[in-house]
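Let's take a walk through this protein together. Have the sequence and the 3D view open, and we'll go from one spot to the next.

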Amino acid sequence: MQFHHHGYVSTDPRVQPAAGIGLDRPADLPDAVDVLIVGSGPAGMLLAAQLSQYPSVVTRIVEKREGRLVLGQADGIQPRSVETFQAFGFAERIVAEAYNIGWMNFWGPDPDDPTRIVRRSRTADYAFDISEFPHLIVNQARVLDYFAEAAAAGPGRIVPDFGVEFAGLTRDDAAEYPLAVELRTAEGARTVRAKYVVGCDGARSQVREAIGRRHLGGISAHAWGVMDVLVETDFPDWRVKCAINSEAGNILHIPREGGYLSRMYIDLGEVAADDDHRVRQTPIEDVIRRANEILHPYSIDVKDVAWHSVYEVGHRVTDRFDDVPDDGSRSPRVFLTGDACHTHSAKAGQGMNVSMQDGFNLGWKLGSVLTGLSPETLLDTYSSERQPVAQQLIDFDREWSSLMARKPEEISDPGDLATYYLATAEFPSGFMTQYPPSSIVAAHARPELATGFPLGKRFKSSPVVLASDGNVVHLGHHARADGRWRIYAFGDADGLAEGSALSRFADWLLTADASPVRRFTPADAALDAVFDVKAIVPQSFEDVDVTAAPRVFRPRNGALGITDWEKVFAAGASRWNDSDIYAERGIDRAGAVVVVRPDQYVADVLSLADTDALAAFFEGTLLPQRQPAAV
């Protein structure tokens, strides 16, 4: 990370200087806010961390609990989520404390004695086949802690207001703050006015009820017990993720962080039509007994139960993720995220992960609109982008849950679950999401110029060399969740030489009236305040003179006007780098421009010469600002 651009910092550099509302944040909820986040789950806390980067936006997050979450229900962290943690600055720390899933083993009935289980296959986890980030297990409460830290350390200094319950809202578009939100606290009821409200308040969302949205779907007639336990056992794969199928039922076993704790999803069987959810009262002793029946000839002696629950698998998606009426007669003011708009089983490990991506998708859009960088129409893309993702999740989870719940006699191929697990890896890992063309995903791009960066999919990083110091870094890891657009300019064989395609592109960005950098960067802002422009050249770093790079690749930052030395990267081979991003990501050797949204999704791919198309793309996405100051 970069710091010291305002002067020497001897304290934690992750704590950014307070600004805007963060300079004098009121202890009590104000009467009016720009954004009111309801619920401090994964989507809500990520949203708070993102909006803390917009300190001129008054954001508050309310939570009916009296304090931080202690025991989270979700624990699976997919590689895409770890990639997101990297953007928020805490991936390395959470990886260090989490359980890293290296393998998944599959157990089934012994062909010689079906009353016993045996290991059928040992399968390496998919994470490192498709990402540089691991597949983790860590308590949801710790994920929330890290996002809370990021929110409090951001310029906006956002912290949750605990003990505040949402009670309803009304909308009056004629008002400056169109939403009147009813809240309840220990001191009584009060009303807070807001420009936008985001419901991150779970499957029983009161925000969803208040805007009349319907949760569509149902509950399957199958129940599962889940428990986090400390045990003594003779089961040999206790510290390996396992799918276990036996004549007595099924278990999904997942080791937890810390070396001792494990989570078990235990098949409790079919639920009678007239059960009326009584299965949810199943005693923990019955769940443990069932687990031992499934594990035979092995057993577990449970020493401590940290948390447990019983649930029936449900698959629901809300009809819309905002409050826009069917006729589209008004812009959205209320949004739904996470379990408030999609629910499913926990066994696919997707709930927390997809919820966080809801928050990441929405956060920068709200920040851009409320700071005057983008038109309100940008907010229309939230529901249209995230609702199809939720439906894909439901479809995947329904199939995975059905496979997990099969009886031995229903399994013709003992290896098909392992095959499905690996064949579908890109989806559960979080990398299958691909947003369709819209105002923020170009319809008329040149995807053939960068085939490894598909339009609408997240920007897949690759190692490059930082030209200023020769260190190997991941290009994508330099992108923080700071609300900025990324423009990656890949040069041709002439690199940064005067008159090269890359230098001509840089000159256009800096001087042309149509340049998005000039047109959409406020006059009093830093050159790279809206667009983080980076150059990648095919040469070795030894052959790159960073001081000769055009000024757009060497902006001056902070009150002291210090040059940023981390905008120019070399792709050529060097002693410490044998990768080639041009080859790995299918970059045309004649050069290319890859535009990436603030939430890390590829928005456009163009040639270095196609500046008209680049200008046209941002014309509908951003609002013109005053011309920037002379550079």
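A word we'll need throughout is "buried": it means under 20% relative accessible area, while exposed means over 50% and partly exposed is in between, using a 1.4 Å probe and protein chains only. This is a predicted model, where local features need pLDDT of at least 70, side-chain atom pairs count only at pLDDT 80 or more, and totals for chains, interfaces and linings use all residues. Residues are numbered from 1 along each chain as its sequence is written, and side-chain values use heavy atoms, with hydrogens and water left out.

Let's begin with Arg597. Which residues does Arg597 form salt bridges with? A salt bridge here is a side-chain nitrogen of Lys or Arg within 4 Å of a carboxyl oxygen of Asp or Glu. One partner is Glu385, with the closest N and O atoms 2.8 Å apart. Arg597 sits in the loop between S26 and S27 and Glu385 in helix H9 (residues 380-404), so this pair ties together parts that are 212 residues apart in sequence. (Helices, H or I with at least four residues, and strands, E with at least two, are DSSP runs numbered from the N terminus.) Both Arg597 and Glu385 are buried. Another partner is Asp599, and there too the closest N and O atoms are 2.8 Å apart. Arg597 counts as buried because its relative accessibility is 1%, and Asp599 is buried with a relative accessible area of 1%.

Now for other salt bridges. Shared partners join Asp482, Arg484, Arg486, Asp528, Asp532, Lys534, Asp564 and Lys567 into one network. Over the whole structure, the search finds 44 salt bridges. Arg171 and Asp323 make one of these, at 2.7 Å from N to O. Arg171 lies in strand S9 (residues 165-171) and Asp323 in the loop between S16 and strand S17 (334-336), so they tie together parts 152 residues apart in sequence. Asp323 is buried, at 7% relative accessible area.

Back to the loop between strand S26 (592-596) and strand S27 (602-606), because that is where Gln600 is placed too. Most residues other than glycine have a negative phi, and most peptide bonds are trans. Gln600 is buried, with 11% relative accessible area.

His4 also has a positive phi, near 75°. His4 is found in the segment before strand S1 (32-38), and at 35% relative accessibility it counts as partly exposed. While we're on backbone geometry, the peptide bond from His296 to Pro297 is cis, with omega near 20°. Look for Pro297 in the loop between helix H7 (284-295) and strand S16 (300-318).

On a 1 Å grid over the protein atoms alone, a cavity is a set of points where a 1.4 Å probe fits but cannot get out, and lining residues have an atom within 4 Å of a point. The search finds four cavities of 30 Å³ or more.

Cys341 is buried at 0% relative accessibility, and Cys242 is buried with a relative accessible area of 0%.

Last stop, a sheet. Three strands form an open, antiparallel sheet in the order S3-S7-S4; two strands pair if DSSP finds at least two bridges between them. Strand S3 (76-77) and strand S4 (99-100) are the edges, each pairing on one side only. Two bridges join S4 to strand S7 (residues 136-137), and Tyr99 has Ile137 in S7 as its bridge partner.

Notes
On a 1 Å grid over the protein atoms alone, a cavity is a set of points where a 1.4 Å probe fits but cannot get out, and a pocket is an open set with protein on both sides within 12 Å along at least five of seven lines; lining residues have an atom within 4 Å of a point. Grid points are joined across faces, edges and corners, and a volume is the space filled by probe spheres set on the points.
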